Amino acid sequence: MNQRNPAISKGIDWRLVGLYLLIVGIGITAIFGATYVEGDNVITSFLTFKTDYSKQFIFFILSVIIGVFILVTDSKFFAATANLWYAFGILLLLLVFPFHTEIKGTESIIRIGGFQFQPAEFCKIPVCLALAKYLSLNETDFSKTKSQLIAAAIAILPAILTILQKETGLALVYFSFFLVMYREGLPSIILIIGFSVAALVVLTLLLEKNTLAIILTVFAGLTAYSMRRQIKRNKGLLINIVLIWALCVGIQRFGVPFIFKNVLQNHQVERIYSTIGKEVPVEYLKGYDASTAPSGPRMNTADYNVKQSKIAIGSGRFLGRGLLKGTQTRYDFVPEQRTDFIFCTIGEGFGFVGSMVLIIVYLALLFLIITVAERQRSTFSRCYAYGVAGVLFFHIGINLAMTIGLAPVIGIPLPFVSYGGTSLLTFSILLFILIRLDADRQMVIR
Amino acid sequence: MSVFNQSRSYIVRLIFLVTFIIISIQLFNLQVLSSKYKQLALDNAVFPKRVFPPRGIIYDRLNRPILNNTIMFDLMVTPTQVRGVDTAYLCRLLEIDTAEFKQRIVTSIIRNGRYRPSVFEGLLSPEKHARLEENMWRFTNGFYLQERPVRTYPYNVAAQILGYIGEVDSGIIARSNNYYIPGDYVGRNGLESFYEEILRGQRGIQYLIKDNKNRLVGRYENGEFDTAAVAGRNLRTYIDVELQQLAEKMMNNKVGAIVAIEPKTGGILTMVSGPNFNPNDLTGSDKQKNFARLTLDVSAPLLNRAIKGQYPPGSTFKPIGALVALDEGVITPSFGYPCNGAYYGCNRPVRCTHAGGGHAANLRLSIANSCNAYYTHIYRLTVDNPKYGNVKVGYAKWKDYMNAFGLGTKLGIDLPSEDNANIPDTSRYNTVYRGSWSSCTNLTLGIGQDMMTTTPLQLANAICLIANKGYYYTPHFVKKIDDETEADTILNKYRVKHEVLTHISDDAFEEVISGMQDVVERGTARSAAIPGINVAAKTGTAENYRIIERKRVQLKDNSVFVCFAPRENPKIAIAVIVENAGYGGTWAGPISSILMEKYLNDTLRPERLKKVEEIANANLMPSYLERLQYIEDSIRAFKWFEMTNDSAYLKNYVLIERSGVPASLPTEEKWPPVFEWEAILPKEEYFKNRPLV
């Protein structure tokens with residue numbers, strides 16, 4: 001047993017630790033670049049912990065300390081307590097409803113003294129653990145629909161609670177756990193259907209209602225025509241084609257408008273339309289009154305953030321303007337530039353080269369986690385590793401895409417880089433548990 | 001375990017890779033391919049602040065500054081920062097109420113946004129500035145005083161010559177190829193406008209950093225890209241500021257103009273247009289108010305009559321007519337005309353002030369006695385000269401002479417919007433008289449009447465031509481520009497001698513000048529004599545017609561006077577016109593004489609000082625002005641009433657009957673009135689004491 005051999009360094013994959021330190025280092029530098037005020041004494045402010053970069057530094061130290069604790073914990077502890085953690089996470093999410101403090105439109109934060117805590121952020125860890133635990137159970141046969149539904153429910157329950165706290169962005173993160181399920185044998189057809197629905201939604205927004213309906217009809221007709229031989233033999237096929245066609249048109253004509261009118265909030269609608277570069281249709285705006293609205297093109301407030309963010313990143317050119325030299329980030333043109341839009345500081349300060357370095361480091365980290373996952377003997381560790389990879393990938397991909405105008409603005413942080421204590425701690429704990437599990441990769445953990 | 005799905009790890013990696021490649025492509029697109037973002041970032045954050053150098057100063061001939069730069073103060077406000085300010089106290093200091101205070105804050109926010117400073121009260125009067133300066137510590141939240149360079153005029157003179165500085169309008173911006181931007185100040189009118197490019201210097205640019213709320217937070221790249229401002233250059237003029245002061249004093253309460261030129265150089269020593277105003281009125285806090293007052297005044301104080309007024313020269317034209325006749329050879333100096341009190345050569349007689357006694361027995365006598373018959377006669381001789389065969393050809397020749405004398409054409413003075421007045425050409429007479437006219441038709445041209453008009457400047461310049469015996473320099477104010485270089489071509493045309501009439505013999509000039517000297521010594525202008533100095537002069541009493549209320553009304557004659565001195569070595573030539581003042585020798589003559597004496601002797605004799613006061617205190621403003629002012633004001637009040645239904649102003653102009661209904665507001669049936677003012681001018685008795693003439 002490992003407890004008798006307390007060399008905690010044994011089995012640790014130092015490459016993971018190295019990449020972790022590198023990215024956190026880049027993060028603190030970027031926060032420094034975004035928030036340094038001319039004339040600050042850097043050393044004093046690091047010691048007094050009054051500035052954002054020094055606060056982030058404390059959270060880094062704290063993360064490392066917790067990381068060491070995790071590394072000295074028995075790896076079986078995580079599998080054994082996974083369900084307990086999950087129950088605890090859900091309880092925290094439920095506690096938010098009576099005890100939340102409203103800050104900037106979100107209802108997901110609990111405040112205890114001067115300390116703010118966001119359960120929705122933290123809850124990724126229990127979900128990741130619980131999902132891995134469920135998938136690694138001997139009695140789970142993941143080829144059965146029932147098991148697939150249970151696994152999906154584990155991930156989606158906290159997502160629903162998070163949506164109810166008006167944190168749609170954080171809720172979307174839970175869908176990244178489908179990556180784990182996919183690896184564990186979720187039929188490809190589900191992912192294909194998922195992607196098709198997504199594509200259909202995007203097309204609905206981009207194209208004229210009737211144009212899209214005609215395209216769908218023509219497409220269905222062509223499919224039926226090309227499959228006419230099979231259809232002769234099997235009438236059910238035609239019925240399937242008609243049903244799929246009806247479903248698509250239904251989503252396009254009624255489903256999407258319903259969601260935009262009744263589910264999404266104004267700022268979310270605006271952000272989505274801002275990404276595709278179109279004006280928001282009036283019927284999607286709640287409380288819009290044509291008689292009181294100003295004339296002329298409607299201002300899309302979501303545009304400003306993305307525009308300034310693109311200007312900041314674009315102005316970095318190839319080599320960047322240098323740390324603290326970027327006017328966009330130095331003079332607060334980019335909103336939320338130390339948290340969600342931290343990538344702007346890197347893009348402006350270090351240019352294309354700097355941005356590519358960060359992206360390659362991230363890619364290396366993700367690839368390494370997949371490699372680590374595949375060498376695990378226990379299903380639990382592998383599933384957990386895939387969970388971590390999925391969460392990180394989702395955060396990185398969406399965050400970068402939104403800063404450069406490829407995705408709607410969803411307020412999720414860039415892992416290890418964005419300013420924010422909960423975020424840094426959560427990601428660190430996720431990664432350190434993985435390192436701990438990996439250290440015992442020859443063991444079968446249940 | 002679950003190794004059967006291991007291939008899916010490659011698909012997962014592929015998904016990661018593809019996503020990151022898409023992101024990288026977009027980054028490449030933003031950062032490497034597209035160059036606009038760098039510029040957009042600079043536009044966002046770098047504010048090119050224009051640094052205005054001090055404007056050039058204008059000096060007189062003895063290097064006394066006619067205008068100068070001084071600092072006034074604007075009270076600036078940054079709306080977001082106004083917190084915990086004792087507004088009531090501030091309002092008391094500024095003499096405004098709190099409603100006005102709020103209104104101004106709102107205006108500032110609309111104009112400049114709430115984060116940027118705007119002018120709360122511009123160009124504080126010295127008293128207000130002193131009061132604020134003392135109490136500024138109370139208002140440091142949101143308020144501060146900002147220096148503003150403005151013009152000041154230490155001698156309070158030469159308003160119409162100097163022009164003023166005002167904000168650019170869209171026309172100026174377009175003409176300057178967008179050198180100016182809205183809000184810039186530029187010379188408007190006068191020397192300020194004509195020498196704008198010299199006076200303004202070269203503007204510098206300071207690159208400053210601004211933040212997301214448009215607050216300026218520092219220098220961009222430590223001022224590496226800044227360009228320094230180059231100060232405007234000073235102008236040295238011919239103006240004699242003391243002479244100008246004296247001339248303006250004498251034009252007080254008079255309509256007319258004075259132009260004094262140094263004949264040898266064409267340098268203008270003095271130029272006055274009456275009525276006048278104090279140039280300091282158009283700087284400082286009451287600028288807008290004063291400008292409105294001057295604009296609405298029907299006597300048009302903003303009009304420079306010296307270059308824009310068109311006056312018939314009357315008898316002052318006679319020396320010119322004599323020179324033309326002599327040069328054309330139609331008379332000799334000994335030519336005499338037997339005048340019996342009028343010229344009867346044509347259908348209507350032209351009256352003369354003298355009768356018989358040989359008062360026009362030769363050229364000299366005719367000038368000294370200002371014989372109308374003589375000059376009517378020689379005009380006819382000139383244009384009916386047989387060598388031209390035809391009055392139209394003869395008249396065209398005569399007109400060429402007039403233009404050579406600089407009459408009826410723009411001279412090209414260094415002021416904007418000079419008028420060319422009028423020497424009608426043959427086609428004009430052809431149109432008016434349908435082609436059939438003779439020298440009888442326009443015979444009063446010979447005595448400077450008929451359709452002929454000149455500006456006072458042209459008249460003074462023509463006298464220079466006589467004094468110089470045939471040449472002149474284009475009249476101008478600026479002698480030189482400080483640090484003048486080859487590139488400054490603006491003054492070149494004023495250094496060219498125009499020898500246009502040197503073909504007229506010196507004898508002819510001598511004869512005419514002798515006649516003009518006789519005018520002073522024993523003719524119509526004895527009051528203009530200066531002991532010890534030979535003065536040549538000519539009086540004029542020009543008929544003065546004006547269209548008032550759609551009627552051509554003959555008003556009191558204009559008093560005209562031209563002169564130069566000393567005869568032997570002319571140093572000053574003057575033309576004076578006083579509207580509505582009667583004989584040339586009564587008002588214009590003494591004014592000219594006093595100016596010459598002051599300029600040549602540098603002092604005035606005690607009896608002359610008394611005369612100056614007498615002239616300055618005389619009010620010769622034509623009475624029709626008051627009537628016109630009433631009409632203009634009442635029309636404006638009426639229009640205001642029509643627009644706003646506010647009868648506050650109109651009440652001053654209409655009789656109110658007991659019912660409270662204005663007695664003579666236009667009714668539906670009576671609408672529209674023939675003249676708008678007819679409808680609102682019932683007070684016949686008001687005009688009883690204010691006749692047209």
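## A pair of crossing helices

H4(A) passes H6(A) in a left-handed crossing, a term used when the near helix is turned anticlockwise from the far one by less than a right angle, with clockwise being right-handed. Before going further, note that this is a predicted model: local features need pLDDT of at least 70, side-chain atom pairs count only at pLDDT 80 or more, and totals for chains, interfaces and linings use all residues. Residues are numbered from 1 along each chain as its sequence is written, while chains are lettered from A and ligands numbered from 1 in the order in which they are written.

Helix H4 covers residues 75–99 of chain A and helix H6 covers residues 124–136 of chain A; their axes come within 8 Å and cross at roughly 130 degrees. Axes are lines fitted to C-alpha atoms, for helices over the stretch in contact, and angles run from 0 to 180 degrees between N-to-C directions. H4(A) and H6(A) are therefore oblique to each other; angles under 35 degrees count as roughly parallel, over 145 as roughly antiparallel, 65 to 115 as roughly perpendicular and the rest as oblique. Among the residues that meet are Phe78(A), Trp85(A) and Tyr86(A) from H4(A), and Pro126(A), Val127(A) and Leu129(A) from H6(A). Contact here means C-beta atoms, placed from the backbone, within 7 Å.

## The two chains

Helices (H or I, at least four residues) and strands (E, at least two) are DSSP runs, numbered from the N terminus. A residue is buried if 20 or more other C-beta atoms lie within 10 Å of its own, exposed if 12 or fewer, and partly exposed in between.

## Sheets in chain B

Five strands of chain B form an open antiparallel sheet in the order S12-S11-S20-S19-S18. Two strands pair if DSSP finds at least two bridges between them. At the edges are strand S12 (267–274) and strand S18 (536–548) of chain B, each pairing on one side only. Neighbouring strands of this sheet are turned by 10 degrees against each other on average, direction ignored. S11(B) and strand S20 (residues 572–578) of chain B are joined by six bridges, and Ile261(B) has Ala573(B) as its bridge partner in S20(B). H18(B) packs on the sheet, touching S11, S19 and S20 of chain B.

Another open sheet in chain B has three strands, in the order S1-S8-S9, with antiparallel pairing. Its neighbouring strands are turned by 45 degrees against each other on average, direction ignored. Within it, Val46(B) stands opposite Ile209(B) in S8(B).

## The nonpolar cores

Which residues touch the most other members of the largest nonpolar core? They are Val259(B), Ala460(B), Ile463(B), Ala537(B), Cys563(B) and Ile574(B), in a core of 128 residues. A nonpolar core is a set of buried Ala, Val, Leu, Ile, Met, Phe, Trp, Tyr and Cys residues joined through C-beta atoms within 7 Å. Helix H18 (residues 456–467) of chain B gives the largest share of this core, nine residues. Apart from it lies another core, of 106 residues, including Phe78(A), Phe341(A), Tyr384(A) and Ala45(B).

Methods
Two residues are in contact if their C-beta atoms, placed from the backbone, lie within 7 Å.
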